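This report goes from the overall fold to one helix and then to a few single residues. Please keep the sequence and the model at hand while reading.

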Amino acid sequence: MADAEDNVTIPDLSSLLQMDPYLKPYEKDFKRRYRLFQKQLSLLEEAEAGFDQFTRSYRSFGAHRQPDNSLVFKEWAPAAEALFLTGDFNGWDKFSHPYKKKEFGKWELHIPPKEDKSPAVAHNSKLKVVVHTKEGERLYRISPWATYVTKVNTSVVYDWVFWDPPQPYMHKHPRPRKPRSLRIYESHVGIASPEGKIASYSNFTHNVLPRIKDLGYNCVQLMAVMEHAYYASFGYQVTSFFAASSRYGTPDELKELIDVAHSLGIIVLLDVVHSHASKNTEDGLNRFDGSDSCFFHGGQRGEHALWDSRLFNYSSWEVLRFLLSNLRWWMEEYRFDGFRFDGITSMLYHHHGVGTSFSGDYSEYFGLHVDEDSLVYLMLANHILHTVYEDCITIAEDVSGMPTLCRPVQEGGCGFDYRLAMAIPDKWIQILKEFKDEDWNMGNIVHTLINRRYGENCIAYAESHDQALVGDKSLAFWLMDKEMYTSMSSLIPMNPIIDRGIQLHKMIRLLTHSLGGEGYLNFMGNEFGHPEWLDFPRVGNNESYHYARRQFNLVDMDHLRYCQLYAFDRDMNRTEDKYSWLAAPPAYVSTKHEGDKVIAFERANVIFIFNFHPTNSYSSYRVGVGPPGKYKIKLDSDESQYGGHGRLDHNTEFFTESVPFNDRPNSMQVYIPCRTAVVLANEEIDYCY
């Protein structure tokens with residue numbers, strides 16, 4: 001009997017198998033996944049009048065004022081015996097406004113306008129859904145579709161607030177086009193201030209966005225926007241999926257933030273958490289209808305033991321409605337430009353990646369341990385987002401190395417645009433922790449930076465929020481530690497620790513930027529060598545905000561060396577903007593010399609040379625070059641304005657010779673001081689892209 005997969009045609013599977021023939025033994029797996037994807041997509045088209053309407057279910061679920069000022073409330077609570085609406089509008093009467101039971105576990109309530117034709121539920125008034133269970137319990141819940149929830153200081157539980165402003169914010173600026181080179185500034189609104197408090201959307205708009213623009217980043221990735229009851233969860237224990245966190249301000253203030261970013265030519269990505277949800281019941285999704293399941297798998301499959309959170313049932317029709325509509329909501333209502341999907345590894349496998357080390361053997365990515373329900377959800381999400389929004393960007397956070405994660409759905413892939421190169425920051429931390437400078441292995445560093453799947457774009461980063469969290473510390477603090485408290489003044493000579501730290505900080509970031517991927521990410525503040533670590537207010541630190549802030553004031557003090565690191569990061573991005581190496585094919589590495597501690601490579605017709613040796617400078621050092629011609633220095637980490645020693649003459653012209661070297665047709669000789677990186681461009685090439 002023929003397998004169902006034998007009749008499945010993946011439009012561009014041949015292209016995928018031609019690119020990676022080692023995937024050929026898993027052709028049936030690809031066909032099965034694609035068949036499941038096609039089946040779900042067809043069901044959406046048939047049952048819901050197309051995926052466009054299905055994925056805009058936020059227009060009908062939750063609370064909505066109609067043109068005549070009547071109100072419609074709609075929920076999905078399949079295990080509930082009865083639903084009521086209570087709140088400020090009815091004096092918190094628990095029985096006066098019952099929902100009507102509809103088919104498939106849905107409930108609806110219509111409330112006519114008041115006698116004066118105004119809505120019965122006013123803007124900014126509080127509401128609760130009262131759920132009566134079959135077991136006789138009475139539960140108070142927040143609508144899963146709530147768009148605004150708030151908490152008073154004395155309470156531990158969030159309240160559902162009906163958000164219906166008389167004059168909602170109107171976006172003024174169009175979305176920028178998708179950038180060729182993606183340079184991401186990873187940000188958390190709440191810590192985006194030197195002050196020991198929760199910062200606001202408005203603070204970010206007026207004080208942080210101009211810095212991001214000046215630094216040359218063209219993308220902001222916002223963390224911890226989806227409402228989360230526990231601030232110290234860093235936004236990864238989401239309680240209200242459609243609500244922008246109220247601890248930073250109002251929905252309109254977030255809309256203004258995104259609108260202003262667009263006016264600056266900066267796109268904005270949302271760090272979206274669809275891999276799990278908070279276990280909170282009163283202000284979360286958990287046990288919304290009183291049952292163990294509803295949005296989640298029942299029993300053990302619905303629990304993430306390590307994260308202490310609930311796991312979605314991606315095979316459920318209503319869960320697909322909820323999550324896919326959630327993506328459309330953020331794109332439509334707030335005009336985000338795409339998403340960084342958190343915790344993809346947990347979604348892809350039934351073992352969630354827990355206690356599993358991935359060797360890269362292809363058998364680890366196919367078989368019964370793969371959760372194909374969630375994989376198909378990700379295929380659907382990417383297909384819908386890229387179909388509806390031409391310039392939408394999606395990034396996967398996956399530590400497993402799942403093949404085809406960033407190949408198009410029509411090839412049998414998952415459809416993401418980029419994946420995070422998560423091995424790179426781990427490598428830098430390992431090197432700084434375990435090796436003396438003279439023992440750094442150039443070949444191992446290069447291997448880590450270039451070891452990525454061909455044809456699948458990666459976002460490279462030397463450090464993100466993960467490396468800054470309590471228990472770890474920023475690269476700058478690994479390099480300079482307590483010396484940062486006393487020795488960062490530019491009014492005194494650099495001591496050896498500060499000198500080493502400043503030079504290596506720049507080199508590590510430039511090497512990662514230029515060699516590690518097709519996009520680059522920096523966590524806010526780390527561009528200028530932010531000291532210490534991140535730690536949110538919690539019982540264990542006496543609810544302190546001391547480490548839950550970004551000290552931008554350090555950059556503004558001209559006598560401190562933080563502004564030198566800031567200047568280098570800015571000019572690194574601006575140099576990339578001119579030469580577009582992130583948009584170019586992977587680099588050709590011509591030199592990785594262990595004795596000299598030199599790495600040299602070519603990308604986008606630009607030459608990069610790194611001398612990591614602590615003491616040895618090299619005059620007339622020969623490096624291989626592709627295109628012949630005259631080269632000049634375009635970026636030099638040793639410049640005085642970047643905290644360097646100013647040993648290179650930028651008027652020097654480097655001419656290639658027809659002397660093949662390290663498998664390159666031409667070569668040239670350069671002076672490369674110790675602990676210095678230089679970028680050279682060919683004066684005879686038009687770099688206008």
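A residue is called exposed when its relative accessible area is over 50%, buried when that area is under 20%, and partly exposed in between. The model to which these terms are applied here is a predicted one.

**Overall fold**

The secondary structure of the protein consists of 15 helices and 29 strands. Its radius of gyration is 27 Å, close to the 26 Å that the globule rule gives for 689 residues, so the protein is as compact as a globular protein of that length. The C-alpha trace spans about 85 × 70 × 45 Å along its principal axes, and buried residues account for 62% of the 689 residues.

As for charge, the protein carries 72 positive and 91 negative side chains, with the centres of the two sets 1 Å apart.

**Helix H10**

Helix H10, which covers residues 442-450, has Met-442, Ile-445, Val-446, Thr-448 and Leu-449 as its buried residues. These residues cover an arc of only 160 degrees around the axis, which puts them on the same side of H10. In general, an α-helix has 3.6 residues a turn, so residues three or four places apart point the same way. The partners against which the buried residues of H10 pack are helix H9 (423-434), helix H14 (496-515), strand S22 (588-593) and strand S23 (598-603).

Phe-30 lies in helix H2, which runs over residues 27-47, and Phe-30 counts as buried because its relative accessibility is 0%. Apart from neighbours within four places in sequence, the residues in contact with Phe-30 are Ile-10, Leu-13, Leu-16, Leu-23, Phe-366, Thr-404 and Gly-412. Between Phe-30 and Tyr-642 there are 612 residues of separation in sequence and 50 Å in space, C-alpha to C-alpha.

Ser-70 belongs to the loop between strand S1 (62-65) and strand S2 (71-76), and with a relative accessibility of 14% Ser-70 also counts as buried. When neighbours within four places in sequence are left aside, Ser-70 is in contact with His-64, Arg-65, Ile-111, Pro-112 and Pro-113. Ser-118 is 48 residues from Ser-70 in sequence, and their C-alpha atoms are 8.3 Å apart in space.

**Positive phi in two loops**

Most residues other than glycine have a negative phi. Ala-49 has a positive phi, near 60 degrees, and is found in the loop between H2 and helix H3 (51-54). Asp-481, in the loop between helix H12 (475-480) and helix H13 (483-486), likewise has a positive phi, near 45 degrees. Is each of these residues buried, partly exposed or exposed? Ala-49 is exposed, because its relative accessible area of 58% is over the 50% cut-off, whereas Asp-481, at 30% relative accessibility, counts as partly exposed.

| Residue | Relative accessibility | Class |
|---|---|---|
| Phe-30 | 0% | buried |
| Ser-70 | 14% | buried |
| Asp-481 | 30% | partly exposed |
| Ala-49 | 58% | exposed |

Terms used
Residues are numbered from 1 along each chain as its sequence is written. This is a predicted model: local features need pLDDT of at least 70, side-chain atom pairs count only at pLDDT 80 or more; totals for chains, interfaces and linings use all residues. Side-chain values use heavy atoms; hydrogens and water are left out. Helices (H or I, at least four residues) and strands (E, at least two) are DSSP runs, numbered from the N terminus. The radius of gyration is taken over C-alpha atoms; the globule rule is 2.2 Å times the number of residues to the power 0.38. Buried means under 20% relative accessible area, exposed over 50%, partly exposed in between (1.4 Å probe, protein chains only). Lys and Arg count as positive and Asp and Glu as negative; His and the chain ends are not counted. The place of a charge is taken as NZ of Lys, CZ of Arg, CG of Asp or CD of Glu. The arc is that of the directions from the helix axis to the C-beta atoms. Contact means heavy atoms within 4.5 Å.
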